[in-house]
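Q: I'd like to learn how to read a structure with two chains. Could you walk me through it step by step?

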Amino acid sequence: MKKILLIGQPNVGKSSLLNALTNAKVIISNYPGTTVDITSGKAVINGKEFLFVDTPGAYSLSPSSEEEKITDGMILEGDYDFVIQIVDSTALERSFIMTLQLIELGLPMIVALNFWEDAEKREISINRSLLETILGVPVVRINPVKGKVEELKNKLDDAKTSYYSFFYDDHIEFMISEVLKKMDYKGKASKRGIAVKLLEGDPVALERFCFSELEDIKARFIKEHPNVNKDIMITRAGYASLLAKRVERIDSRGFHLSWLDNLIINSTVAGLLFTLLIFSGIFLSLLYLGGWFQDFLGGYFDSLLNVLNPWLQSQNYFTQLLVENALIGLSAGISVAVPYIGIFYIILALLEDSGVLTRFIVVLDKLMRKIGLPGKSVIPIMLGFGCTVPAIRSTRILSDFRDRLKVAVLYMTVPCSSRSGIIFGVVGHYAGVSYAIGIYVVSFFLFIITAKLLNVAISQKEAFLIEELPPYRKPLLKNIMVKAWIRMADFVYIVLPLLIIGGMLYGIVSYYNLVDVVVKPFSFLTKGWLNLPGKAIIPLIYGFLQKDLVPAMLANALGTSNFSKAMNNFQLFTFGLASTFQMPCIIAFFMLIKEFKLWRALIIEFLTFAYGMIVAGGLSKVMRLFF
Amino acid sequence: MNWKEILMEDILRLIKEKKSAPSIRDVIEDTKVSKSAVKETIKALEGKKLVKMDKGKITLTEKGDEIAEAIYNYHRATEKLFGHKVAHSFEHMRDKSNYLKDASHSTPLDSFEEEEEGVIVGMEVENPKVLSRLMGIGLVPGIKFKIVKNSGDMIVLNIGERLIMVDHTTSGRIRGVKSYEENLANRPA
């Protein structure tokens, strides 16, 4: 079986191609040692088996972000047969930088031109056969969104190493030959390619193939090339530009803007209105669609419990508690979390694939900067409304570590779908919608205040923002579903089992009557400070394990699922606040450790718990003064 | 542009580059062109009253100096932008000449007004991460742009119908010149 890497710039259609080649039968795996998801899929084409592996979108093989490092690493690792570079036909010049890097590394490859119909529409004509002749590798046209990948399929056996060669100026060439003399490399890539990467200061190459004399070689030419990495990059970009000029002819040099961009980018007010519209759209679909699914699935589980009931009664009390609570856990996961998370991720994929998501960066940049965050952090923060766990991972798109840390702390004020489940299911349902909205309003202000406070604690450094606003494209339902599923898979495979285990744990706690042991020491917090029933500590603590189960645990702890009986509206509101502004759950905690190290994760956990309790209690005391 | 014109430009540039006036031999060494071709071209330049021979050395006339100055500046600009190796191929491409000659009068991108069009002629970016991102996203020297938004905190550029946003600090390090209408008529074939 041949293994093939799909590589290309962001939004160039890599995942669409993967879906088209494998008929959307993709599997998700973790890139070893990291938390980046890699999708891949097998397919039998013309009687042969192939494994296609998607790589994170990269602007070039000179990494400028953590994700680009992964792509660079996968290329340098050499665990594949050949590479398919997907090229955006409407932006040849910039894609060719990566093409030249692949050529330089001497890798067998195929160039696949995507969006060539768009290019034709914009009067860009590409001389495909000339490009093929110049490079000596197959150049095919694809349209994966329409399923047109035949040309590529027929060339899968023809991947070749390019014979195109290009040179840097004499001094750099001399440096390359010096590096080649000292370098010890055996692998898939060409020695010259690796030598250039080392001189360029490629972090991945340095980590793997650095040798002691490298700096000496650089130092010897410090006069001619004080900044050899820049000179290499610039020369390569120059060749890419020349190559593009040879094979393409651009007849339109207009600067057209789509009507939507005209509206939202040129006018701040329209931009903000548009953002508000989309955000309320998300909120409403979560509230109504999510609620509908919740009722539907919840009813299904109730009837399942009823069916099981006769059998359960015949078991001993311990088994009864165990099975019942495990089922409650499963039911909470499937009927509360899955609908909210699922709907959110589908909407998110829709926004992403259509190109709308990045527009929020432009619209909200000013606001984000005012609170000391880069405009780009809009995206990981939005992801936080889904589930904090993948959201923490997504902070990787921010280039500065401090910004990533700030956003990770701020997730405590961004209600994830599990916490939204509590807000809707407990507060909204029993105290009224206005109380639920009240919690969102509080979180918005708390978000801003916390961000401001964090600016004092974590010093600021200006990070660069160089981002493309991809052209609007009609999203393909299949791709959206695959994308949403990829994001949800973690949740389903990791969180659901945890929910079941968590449910059983609670069963054990109540079997051995351990509830009081936990409740008493905390009554100063619940009764004294938050003014809640003492037993409310159980669901609050349980929130650390799994926030989806908080409503069910509250019902268990209070002995009724009609919360209005046990708590008044203010208490419900306080409970909502206390469980919303909480420490990240255990899975998020592990993700925090992975991304930010144990000590930072521990600090985040304890500080956010204390902070959340202070805010919730403080607000309930203030409210008491007024009402 | 035929080889003769290219050689003419190269000779003029060379005289400007060298500290002392070059001999025919120097020109042959530098351009790696045959002696007869060099002699023929110098004759043609003399005919145009751009250079004169003075004791076996080639010197520029007043008119020649003016033209050579422009060619020299242009060469420096292309070399800085595209690297020495590619500069030669680039500098004889007619479409770029007009604005590259103005490269010394460039202004940072954040000083451009909204709706203004221009060409990127220089980058003072040292951070390799920023540089590779800029190039990968298509913000390379010689590219035409139109400013869509300049909010003070960031700018949004239109490059070949692609929208790119660049933060304030970075945009201040990229330099451009305003493009003129006549450039549009001189596209590469």
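A: Gladly! Let's begin with domains: their bounds come from an automatic or database domain assignment. Keep in mind that this is a predicted model. In chain B the assignment gives domain 1 (3-67) and domain 2 (106-185).

Q: How many Å separate the centres of domain 1 of chain B and domain 2 of chain B?

A: Taken over C-alpha atoms, the two centres lie 37 Å apart.

Q: Next, the interface. What tells me its size?

A: The size of an interface is often given as the accessible area lost when the parts come together. Here, chain B and chain A bury about 5,000 Å² between them, and carbon and sulfur atoms give 59% of that area. Three residues, Arg133(B), Arg162(B) and Met165(B), supply 17% of what chain B buries against chain A, more than any other three residues.

Q: How many residues does each chain bring to the contact?

A: Chain A brings 61 residues and chain B brings 51 residues.

Q: Which helices and strands of chain B supply residues to the side that touches chain A?

A: Several supply at least two residues each, among them helix H4 (62-82), helix H7 (128-136) and strand S7 (162-167). H7(B) gives the largest share, 9 residues. Sorted by kind, the residues on this side of chain B are 25 nonpolar, 11 polar and 15 charged.

Q: And what about charges and polar atoms across the interface?

A: Look for oppositely placed partners: a side-chain nitrogen of Lys or Arg within 4 Å of a carboxyl oxygen of Asp or Glu is a salt bridge. Between chain B and chain A there are 5 salt bridges. In one of them, the side chains of Asp88(A) and Arg162(B) meet at 2.1 Å, N to O.

Q: Which strands form the open sheet, and in what order?

A: Follow the strands from one side to the other. The sheet has 7 strands in the order S10(A)-S7(B)-S6(B)-S5(B)-S4(B)-S8(B)-S3(B), with antiparallel pairing. Its edge strands are S10 of chain A and strand S3 (107-108) of chain B, each pairing on one side only.

Q: Where do the chains join in this sheet?

A: Strand S10 (residues 466-469) of chain A runs antiparallel to S7(B), joined by 4 bridges. There, Ile466(A) stands opposite Val166(B). S7(B) also pairs with S6(B), again antiparallel, over 6 bridges. In that pairing, Ile159(B) has Arg162(B) as its bridge partner in S7(B).

Definitions and conventions: Residues are numbered from 1 along each chain as its sequence is written. Chains are lettered from A and ligands numbered from 1 in the order in which they are written. This is a predicted model: local features need pLDDT of at least 70, side-chain atom pairs count only at pLDDT 80 or more; totals for chains, interfaces and linings use all residues. Side-chain values use heavy atoms; hydrogens and water are left out. Contact means heavy atoms within 4.5 Å. Buried area is the accessible area (1.4 Å probe) that two parts lose on being put together, summed over both. Ala, Val, Leu, Ile, Met, Phe, Trp, Tyr, Cys and Pro count as nonpolar, Asp, Glu, Lys and Arg as charged, and the others, Gly among them, as polar. Two strands pair if DSSP finds at least two bridges between them.
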